Amino acid sequence: MALFQQEDEEEEGVFEAALSFVDEFEFNTGDAISSLNQLPTQRRQETSVSLSNEVAIGGAVGPLSREEKRRRQAEKKRLLRKAGIYSDPNRARNEQTREIAFLREQMDKLQLNLKVLQARKHQNGAKALVPVNTKTHRPSLWQEQAMRQRRRREQAECDNVRLKLAVERQRKVADSLGVLIRKRTRQLNNECASLINQCCVDHPAIAVLDFCGDVEDFRGLFHLLDEAYRDVDSIFMANGLATMSIPIGDVHMREGVDGKYLEFFTYKDLPFGLQDTAQASWDYFKGAEKHMAYGNLYEKAAKSLDEPYTVIEEFTKEVYSNTSRADVKMRQVVRRYVEADRDVVIRVSHAAPIEVKNKVLRGLTHNVRGFAITKRSPASTPSQELTQLQLCTQIALELNDGVTYDPKNVRALTNFLIAHGLKNTVVNCEYIENALADHALRRRIADDVYDSQAQAIVDGFSVAQVLGQMTQINIGQVLNSDYSLNEDSIDGKWGWNATEWRAIVTRIQEITMEENGGHPMVYGIDSVHGAIYVSGAVIFGQEINSGASFNPDLVYQVGAITGRDTEAAGIPWIFGPILDLAQNPLWARTYETFGEDPYLCSVLGDAIIRGLQSNNQTAACMKHFVGYSKTPTGHDRDGVTMADFDLLNNFVKPYQAGIAAGALSTMENYISINGIPVVANTKILEDLVRNDLDYDGVVVTDWAEINNLKDWHRVVDTYDEAVRLSLTRTALDMSMVPYDTEFITYATEMLSNYPEYESRLRESAKRVIKMKIKLGLYETPVPGADYEYLVGNDDDKAVALELARESIVLLKNDNNILPLANGSSVFLTGHSADNIGYQCGGWSVAWQGYSGNDMFPNGVSVRQGLENVVGNNSFTYFNGLSVNGNYTSEDLATAVALASQHEYTIAVIGEDTYAEKPGDIDDLALPAGQIAYVEALAATGTKVILVLFEGRPRLLDTLPDTASAVVHGLLACELGGQAMAEILYGQVNPSGRLPLTYPKDSANVMIPYNHRVTTKCTTVSGPDDSLTASVFVTNSGSVAGKETVMLFVIQPYRLISVPEVKMLRKFKKIDLEPGITQEVTFTLTADDWSVYDPQIGSGFNQVAEDGTFVVAIKPETDCDVYNTITNDLCAQFTLNTGSVNFGINGTTSRRR
């Protein structure tokens, strides 16, 4: 190959340079400069200044003193060492050793000559003595000539010995130089390729073809991939990576069971965020760059599959192993698994060597399993996040039974793979680390650039322009009565498709930029479970369904599609996700949340924000900051009373995760906390947001919330005082006014009286402008043109269907009545049985939602789903029930008669649509008429299968006992009917888990989970230690299914605050085939047993109290922690840092 041919030529040049550069006996400065000219440019530049100075000095000075000679000799050695050549500190001793060896050789020769002469003398001893002339003997001319030749010969032999040693040493130096030059060549090639990629995006350095072959050819690899994912925890336990908390620094190798495979693994703590590291790992292993790490790619074809985070590859490449090279052909599958507390990338491949240079290895193949796990390091602190990067590769030779292999070839391939595996693991780690460093540097530079650009723009603003950036109005203010754009008045009509939205937004943007000196406006909209206001876009299940799925990967996809479809409408700002915690089951916004647990909401909030903003021109807006959901009455917008401990350790955590995920904005809320409205609360919107959380994103009010200081909170009596109160007490950036521009008038009046606040308002305008710059609105004011015709595609429907499948919860199944057999006698009834609107709830097409099917072009009701699954003639449908529980006696009689004729009755009931304040209720019970209707059907003897579609956990009265099976669809929305039908008839195994407590009466939990667990008691000596719990889960059914394994931590005694009963700390969703048992391992660290010191304004300080903790599997597990623990699903561990418990004797526990 060209690259290595060039290297061979370079090695010859390097060898010649080394011969002239390294002189065993004398160093000449001029020769050194000449030789340096042959070195790489960078090294030549490093040495040129010093050498030229030395030549100048040498030319100016006459005879040199001894000290000067020594100084120059030392300088020469320094230059040689700097150039990488002179590096032998034992040179003088080695020369003396060689001299001694030469002298010993000469002495041996002399001794041999002496013996010869002595033998000759003995032979001639009897001869007569010859008289000797007493004069001085003078040798003849020939004798002198012979002596000179002998001396020359001896000198030549001595010189030959010296030269041989010198040449050998210089050859080694040249080899070292060759290695350095080749390494530098590869670095320069990579750097040049990176620059080319930056400058010429349309012409990547590595061409990857689209894979056009048969995906079925990879079916065997997919099987191996599933097997590898099931084995990942046991593999990392076996090699120690699962419990390792200290980086190992190098690559370790071990032999697998019975010598079946070789394993290489390493682990590093990287000073980067978990999400950045996980993304860098995935980008590396899914891309072409990994092939260039310790090898060279010839050709490659790849394809991203419809399955999430899955890539198939077929390629031919050259791999390196010390001095050997091998050409291999490989098929590979790479998949990413996004879990709650870690990110896993697995690659499986089959490799067949085409040729190994200098070795005959044809016919020998091998399989590779590679694992890359990223998770938060136990050494992380609130001020410094560290991420563990753990790499593991397993290589196994594929030897067929009955085939005889040459042991030499097997050994040669094994040695080759060992050398390659070790080096490749190192290089993989280095590439990921370098990519992270490069990304962090670029982001920091970009952020500085954004900041300076925004500052320059705001510096040129008038006060009116500053306040204009802080003002948001509803689109209705610029629409005519027929919903056309009123251009003289420069949000809105539901039902516009992406093209219609783009036309409106484009015209508004044109007028805005024309009138405002080229500065774009930013349009925001509530795309809370899909692009709900874009006609034709797929509408996903509500956030409560995302919570019930316990699947961050799926939630990420929902976010990505939602952001893309919203951009398709020309809208870059999404008022979502909702990161509130469901606290009161009466609350009308319960279904808008991910559930009641802060850990679950943090994990899924992170996933959906990354998904939303993956479209590059979409800004997520976290809402509603903070504590909004802790309503004591269940009524929306009621004020709350809350301690700092609850605020920091529960309600703030999802927003921490959102900020870490890069959310560009957040929205405050309607409530007051401890008597102070959030919109005017310095402690919340200044101390907490800007100081403790160090958040520099845009903060916007909720709808008319500044005006609500007068209209709702009643803390001021005029709107101008409301504006002054909010702007002077908080770091609020934008007011959702929303009906007029009086906010600008009142803020202008405030500045005339309090001009010292102008700099504070300019900071807010700067944050708004900075967000617009990040979104690229100055270059592309109406984003998403490429997405306009992707709205509502089949792939999006598939994601919505999968979310519905994984979020539907089976609450009861007496005698395994489900799944129904095809052909069963079934009667379908209920007001929600053929109503997609009731499956979706509020915030679906319109604020309060809609009843019916016509508004949902992608929707499937339960009735339509049953028709799709078993056919129209396989069940009977009739409904006589209304959503408010009303029915006529005639309709009830008809329904009862039909129920009596069928073995099974599927009753689909639940709530009407609602959103926010209009959804307030005082009684959690379902309408009595719904209960009575279903009871009347059950009285006929039919087996009732109760199906629920509701946005909050309504009391069911007697129905849990009456029904044979209960299935909860939450608000699965458009594809919920299809998913429900598939579950009822056994095509899909339900895997959803309720993300909130469902009350049976007033507070009892009735939702069962089934696991089997093995945990180990242990002692944790310090806050940087970790421990593991292993859970064995078995699918005892006959259908493949998914299961969410949940781990809770209980702290029975705690001084800092009354301990919660259970705290969800880990979860993982697994997929099991029938009869399969899988071990799931969780690693707990200080984050899981620590809490935040409750002092808002003082930063986030973790504290942990020494004592006993209990681990429990399943939410309903009772560990009886205040007595002897006998439950096998529970285990204890002890924290023993040696610190005094929090609050005792004024001493706090160890802080991190």
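Phe625 sits across from Glu668 of β14 in this predicted model, where strands are DSSP runs of E with at least two residues, and helices runs of H or I with at least four, numbered from the N terminus. Strand β13 (residues 619-625) and strand β14 (residues 665-668) run parallel and are joined by four bridges; strands count as paired if DSSP finds at least two bridges between them. Both belong to an open, parallel sheet of five strands, ordered β11-β12-β13-β14-β17. Because β11 (524-525) and β17 (698-700) are the edge strands, each with a single partner, one side of each has no neighbour in the sheet.

As a predicted model, it contributes local features only at pLDDT of at least 70 and side-chain atom pairs only at pLDDT 80 or more, while totals for chains, interfaces and linings use all residues. Residues are numbered from 1 along each chain as its sequence is written, and side-chain values use heavy atoms, without hydrogens and water.

Of its 27 lining residues, Lys317, Met330, Val368, His420 and Asn424 are closest to the centre. Helix α9 gives the most to this lining, with eight residues.

Definitions and conventions
On a 1 Å grid over the protein atoms alone, a cavity is a set of points where a 1.4 Å probe fits but cannot get out, and a pocket is an open set with protein on both sides within 12 Å along at least five of seven lines; lining residues have an atom within 4 Å of a point.
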